[in-house]
Amino acid sequence: MPDFTAARLNMVESQVRTQDVTDVRIHDAMRKVARERFLAADKGALAYADIEAEYAPGRWLLKPRDVSKLLQALRPMPGERALAISAPYAAAVLEDLGCAVVQADAGEPVPAGPFDIVVCEGAVARAPEAWTAVLGAGGRLGVVERGGAVGQAVLYVKAADGVGRRDLFDAFPPVLAGFEPTPGFAF
């Protein structure tokens with residue numbers, strides 16, 4: 001049986017801290033939350049590899065690097081209300097950070113907001129408007145948008161006058177089933 005405690009420590013030291021994730025609260029939470037519990041027993045050893053690990057058909061846990069960078073950009077604070085869309089590991093980390101978390105699958109209707117944080121583990125062609133619509137004032141959405149070979153982790157922030165968008169970092173997770181880019185006409 002693999003030593004998952006040692007694997008978690010190694011993951012934080014080699015895949016998270018080395019990628020400019022400086023929020024020690026995220027380090028501590030990732031050292032505690034057992035990633036292997038989200039995978040089938042025969043795939044538990046993949047939980048701490050530098051890969052997207054498939055936990056259900058068409059659903060993946062983001063790489064430790066990517067999920068930690070995305071969570072750091074979201075700046076979660078204790079007491080905030082979070083929506084985790086196809087994001088079981090991110091949900092567990094947010095709960096450890098003191099957030100009240102509602103979980104949903106990307107194919108389901110979006111639960112009623114408002115939410116301070118919305119996060120998705122998996123890529124989409126473009127963040128659905130329904131996801132930004134449930135953000136409260138100052139709410140943040142973290143997701144990877146991917147229309148080709150390379151995706152971009154992005155942060156949406158809701159303000160009184162609309163929703164702003166900022167690119168964060170390159171990421172390559174698989175696109176969630178049902179959220180693929182739609183082909184368009186081009187010359």
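Where does R75 lie? R75 is in the loop between helix 3 (64-74) and strand 3 (81-85). Helices (H or I, at least four residues) and strands (E, at least two) are DSSP runs, numbered from the N terminus. This is a predicted model, in which local features need pLDDT of at least 70, side-chain atom pairs count only at pLDDT 80 or more, and totals for chains, interfaces and linings use all residues. Residues are numbered from 1 along each chain as its sequence is written, and side-chain values use heavy atoms, with hydrogens and water left out.

Most residues other than glycine have a negative phi, and most peptide bonds are trans. R75 is not a glycine, yet its phi is positive, near 50 degrees. S86 also has a positive phi, of about 45 degrees, and is not a glycine either. S86 sits in the loop between strand 3 and helix 4 (88-96). With a relative accessible area of 2%, S86 is buried (under 20% relative accessible area; exposed is over 50%, partly exposed in between, with a 1.4 Å probe and protein chains only).

The peptide bond between G113 and P114 is cis, with omega about 5 degrees. P114 belongs to the loop between strand 4 (100-104) and strand 5 (115-124).

How many disulfides does the structure hold? There are zero, a disulfide being a pair of cysteine sulfur atoms within 2.5 Å. The cysteine sulfur closest to that of C99 belongs to C120 and is 17 Å away, which is too far for a bond. C99 is buried at 7% relative accessibility, and C120 is buried at 0% relative accessible area.
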